Amino acid sequence: MVKATNIGFPYVGAKRELKKLVESFWSSKISEEELRTGYAKIQASHWQLQQEKGIEHIPSGEYTLYDRVLDTAQQFGAIPQRYQHIKSPIEQFFAMGRGLQRPATATTEKVDVPAMEMKKWFDTNYHFIVPEFEVDQKFTLQEPRALEQFNAAKALGIHTRPVIVGPVSFLHLGKAAKSVDAFDTLSLLPKVLPLYIELLKQLEAAGADWVQLDEPVLIFDLDANVKLALEKAYKTIQSQTNLKVLVAAYFGRVENNIYAIKDHVDAIHLDLVRAPEELDAILPLLKEHQTLSLGLVDGRNIWINNLDASIALADKAVKALGSDRVFIAPSCSLAHAPFSTSFEKKIEAKNPELFSWLSYAAEKCSEVVTIARALNEGRDAVKSTLEANAAAIESRRTSPQTKNPVVRERVAKIPTEAWKRPSPFAVRREAQVKKLNLPLFPTTTIGSFPQTKDIRVARQKYTKGELSQADYDVFIKAEMKKVVEFQEKVGLDVLVHGEPERNDMVEHFGHLLHGYDFTENGWVVSYGSRCVKPPVIFGDVSRRQAMTVDEIVYAQSLTKKPMKGMLTGPVTMMKWSFVRDDIPANELCAQIGLALRDEVVDLEAAGIPCIQVDEPAIREGLPIRRADWDNYLDWSVGCFRLSTAGVRDETQIHTHMCYSDFNDIFDAIAALDADVITIENSKSDEKLLKIFDTKQYTNEIGPGLYDIHSPRVPSFEEMKTRFGDMLKYLPEHLLWANPDCGLKSRGWPEVEAALTNLVEVAKYYRAQKAQA
């Protein structure tokens with residue numbers, strides 16, 4: 001019989017219960033025991049829900065308090081030296097993930113450690129903690145989550161399939177520790193592999209029959225040494241364990257990387273949402289005992305599955321392999337989807353047609369089960385479900401909600417000159433220097449300031465109708481005034497309004513654009529305990545009216561210093577939304593680019609001298625396979641320029657990017673032609689800076705001086721050293737001083753201390769240059 005299976009499930013809880021538990025633990029409001037008890041209840045409810053839905057292979061081991069790659073590092077003893085003095089395992093775990101700064105007491109020593117590097121998880125908006133390894137790394141198996149969670153589910157009478165980050169992905173996604181020169185981390189495979197085998201034997205002894213090893217690196221363009229490592233790893237696991245092993249790849253095409261593992265595993269999972277063509281390629285390669293897991297239900301988006309099409313594709317596998325050798329599954333872990341549409345009462349009431357198109361994690365489990373039932377029992381067994389699904393699919397295809405002829409005509413008629421600013425940077429810079437009159441090493445921030453409890457409460461009251469529009473406007477203006485006065489007191493050079501009116505850099509603008517709608521509980525994890533609630537793009541996009549002009553003009557009226565207008569770029573507006581999948585991405589991005597262009601032009605007309613259009617998602621949107629890069633970069637860079645190219649030379653266009661590998665797309669970053677780019681640097685160990693040894697960047701740039709994702713405040717000396725390192729690589733007249741990212745998640749004391757140090761660093765180096 002075909003089995004209904006799952007790859008992973010949202011671990012944060014139906015209503016972000018885990019986030020609240022973890023943050024309560026961080027603030028010492030609950031104990032470690034209370035945290036773990038609450039965590040266990042969330043896990044149990046999720047396993048029970050999947051069991052009730054009819055999922056036969058329920059995943060365990062993938063639940064985490066912060067990040068599952070960080071879990072993997074800790075459970076195999078890959079603890080960087082700077083954290084090893086922290087004796088409490090849970091305190092050490094969180095210190096690795098988010099840093100820890102604690103003064104000495106009579107009984108405890110001072111702790112001041114930064115967080116480990118954080119990167120985007122493939123092309124998603126999730127961030128993972130990058131493992132660090134020594135050349136002589138010693139691995140030890142300690143408190144393995146997979147075993148702990150398997151036993152917890154077993155105690156509830158639920159038999160699960162343990163999930164573990166595979167050994168090759170674990171090593172290949174890691175990096176050399178800060179204290180050592182770069183080396184091939186896969187050289188550590190002989191050391192870590194025995195511990196994987198030991199863990200698998202422990203799982204077998206506990207009663208597991210299947211184990212899922214996630215190897216998403218299979219979708220990369222892999223060098224021969226990585227393929228060899230995959231072959232060696234799974235050949236060894238096959239020869240030394242008795243568990244049935246499913247290797248899961250997702251987010252893209254496996255292509256010929258499949259040959260590295262195909263002879264040494266019991267089952268292979270493929271993402272057939274991203275790469276449906278791979279089914280025909282792999283079917284002839286499977287041996288008689290091997291099972292194929294079909295990733296048919298989109299684990300990364302919120303749209304209903306086309307059940308008829310999925311059943312037809314799965315039937316092809318059943319006919320080739322037999323029903324006992326086919327699993328039905330989501331394309332990837334459902335951790336990238338919200339929990340359940342059952343909480344979306346507002347959309348259901350005001351737009352039932354749109355509601356009928358939605359499917360979250362719980363509903364996707366039902367879709368998986370429906371596909372499996374149709375294959376096992378025939379379509380008549382699920383006839384009513386299939387009929388309702390077909391009606392919703394047709395409704396979405398034909399609905400007038402999804403199409404705006406005026407928008408589509410404007411996109412079709414974009415003139416060639418609209419895609420590029422008229423003057424080159426050198427000409428623009430001369431005009432901007434004259435207008436702005438900024439000092440050497442200008443200081444600024446990325447945009448947002450702390451979203452305090454007062455701001456959140458006021459927004460909630462306003463949303464609920466408990467605070468009038470007039471009173472809310474007065475409150476927001478008062479908050480902007482505080483932020484402007486603070487920046488002037490600290491001594492920043494280019495100011496921002498602080499974004500108190502914005503709950504999220506994408507959702508805020510979505511409310512001001514046609515084609516967007518919003519969920520009540522569509523939360524997904526971005527990193528750690530940080531959750532985001534992406535808006536839903538369901539139709540063609542256009543601007544309703546001016547979106548930010550009133551706020552920015554008011555903020556500018558409070559200061560003589562230049563004020564930045566703050567917008568979110570077209571690629572990020574698209575990538576950080578639950579995006580429609582019924583039109584080409586480049587067409588949708590151009591629609592958003594035109595809406596933003598209108599806003600940029602209006603800001604300039606209102607007298608705003610600097611306008612920042614953030615594009616943190618442009619790198620994460622890069623296709624996994626290099627063969628697909630040029631096409632993507634052509635339209636994504638083009639849409640950014642489309643949004644910013646309508647202004648005069650003296651208007652300074654800024655952009656910001658964070659937490660990505662930029663070195664491999666450096667030329668595309670330059671092609672954005674932003675006058676100033678601010679960019680993550682503080683956690684990248686100067687990887688970003690080193691490219692300037694070989695590549696020339698002619699525009700102005702502000703590599704981040706400190707990591708805002710950690711509550712830790714770096715000292716003046718630490719920032720001074722980091723800025724000095726920047727001067728080794730970048731011309732002084734092009735260099736800005738700024739944090740890594742926006743400050744919304746930080747507290748005011750941290751912000752004041754860190755920005756004071758940042759400004760003092762800029763002043764120090766100005767004085768040094770004046771004396772030279």
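I begin with Q612, which lies in strand 20, residues 610-614. Please bear in mind that the model before you is predicted.

Is Q612 buried or exposed? Its relative accessibility is 0%, so Q612 counts as buried, the limit for that class being under 20%. Its side chain has two polar contacts to discuss. One reaches the backbone oxygen of I446, at 2.8 Å. The other, at 2.6 Å, joins the side chain of Q612 to that of D614. If we set aside residues up to four places away in sequence, Q612 touches T445, I446, K564, G565, M566, L567, H654, T655 and H656.

Let me place that residue in its strand. Five of the five residues of strand 20 are buried, so the strand is largely enclosed by the rest of the structure. From strand 20, C610, Q612 and D614 point one way, while I611 and V613 point the other way. The two side chains in the 2.6 Å contact, those of Q612 and D614, therefore belong to residues that point one way from the strand, within a strand where five of the five residues are buried.

Which strands pair with strand 20? Strand 19, residues 564-568, runs parallel to strand 20 and is joined to it by five bridges. Here M566 has Q612 as its bridge partner, and M566 is also among the residues that Q612 touches. Strand 21, residues 652-657, pairs with strand 20 in the parallel sense as well, over three bridges. In that pairing, the bridge partner of I611 is I653.

Eight strands form an open sheet with parallel pairing, in the order 1-14-13-12-11-10-8-2. Its edge strands are strand 1, residues 3-4, and strand 2, residues 58-60, each of which pairs on one side only. Strand 1 and strand 14 are joined in the parallel sense by two bridges, and K3 stands opposite F327 in strand 14.

F327 brings us to the aromatic residues. How many aromatic pairs does a search of the whole structure find? The search finds 27. One of them is formed by W210 and F327, which are edge-to-face, with 5.4 Å from centre to centre and 70° between the planes.

Consider next F716 and Y764. Their ring centres are 6.2 Å apart and their planes stand at 85°, so this pair is edge-to-face. F716 lies in helix 26, residues 716-729, and Y764 in helix 27, residues 748-771, so the pair ties together parts that are 48 residues apart in sequence. F716 is partly exposed, with a relative accessible area of 25%, and Y764 is partly exposed too, at 29%.

There is also an aromatic cluster, which consists of W121, F122, F128, F220, Y250 and F251. Two arginines lie over tryptophan rings: R16 is over the face of W523, at 3.7 Å from the ring centre, and the charged end of R98 sits over the ring of W26, 3.7 Å from its centre.

Helix 26 holds a further residue of interest, R722. Leaving out residues up to four places away in sequence, R722 touches N681, S682, G704, L705 and Y706. With S682, which is 40 residues away along the chain, the C-alpha separation is 8.0 Å. A polar atom of the R722 side chain lies 2.8 Å from the backbone oxygen of L705.

As a general point, nonpolar side chains tend to be buried together in soluble globular proteins. In this model the largest nonpolar core has 132 residues, and those with the most contacts inside it are F139, F170, L203, Y234, I261, L294 and I328. Helix 7, residues 189-206, supplies the largest share of this core, with 10 residues. Apart from this core lies another, of 94 residues, among them L633, C639, L735 and A754. I328, to return to the largest core, is in contact with V2, K3, A4, T5, L294, L296, A314, V368, I371, A372 and L375, leaving aside its neighbours within four places in sequence.

Methods
Residues are numbered from 1 along each chain as its sequence is written. This is a predicted model: local features need pLDDT of at least 70, side-chain atom pairs count only at pLDDT 80 or more; totals for chains, interfaces and linings use all residues. Side-chain values use heavy atoms; hydrogens and water are left out. Rings of Phe, Tyr and Trp (its six-membered ring) pair if their centres lie within 6.5 Å; planes under 30 degrees apart count as stacked, over 60 as edge-to-face and the rest as tilted. Helices (H or I, at least four residues) and strands (E, at least two) are DSSP runs, numbered from the N terminus. Buried means under 20% relative accessible area, exposed over 50%, partly exposed in between (1.4 Å probe, protein chains only). A charge sits over a ring if NZ of Lys or CZ of Arg is within 6 Å of the ring centre and within 35 degrees of the ring normal. A polar contact is a pair of N or O atoms within 3.5 Å; within protein, one must be able to donate a hydrogen and the other to accept it, and residues adjacent in sequence count only if both atoms are side-chain atoms. Contact means heavy atoms within 4.5 Å. A nonpolar core is a set of buried Ala, Val, Leu, Ile, Met, Phe, Trp, Tyr and Cys residues joined through side-chain atoms within 4.5 Å. Two strands pair if DSSP finds at least two bridges between them.
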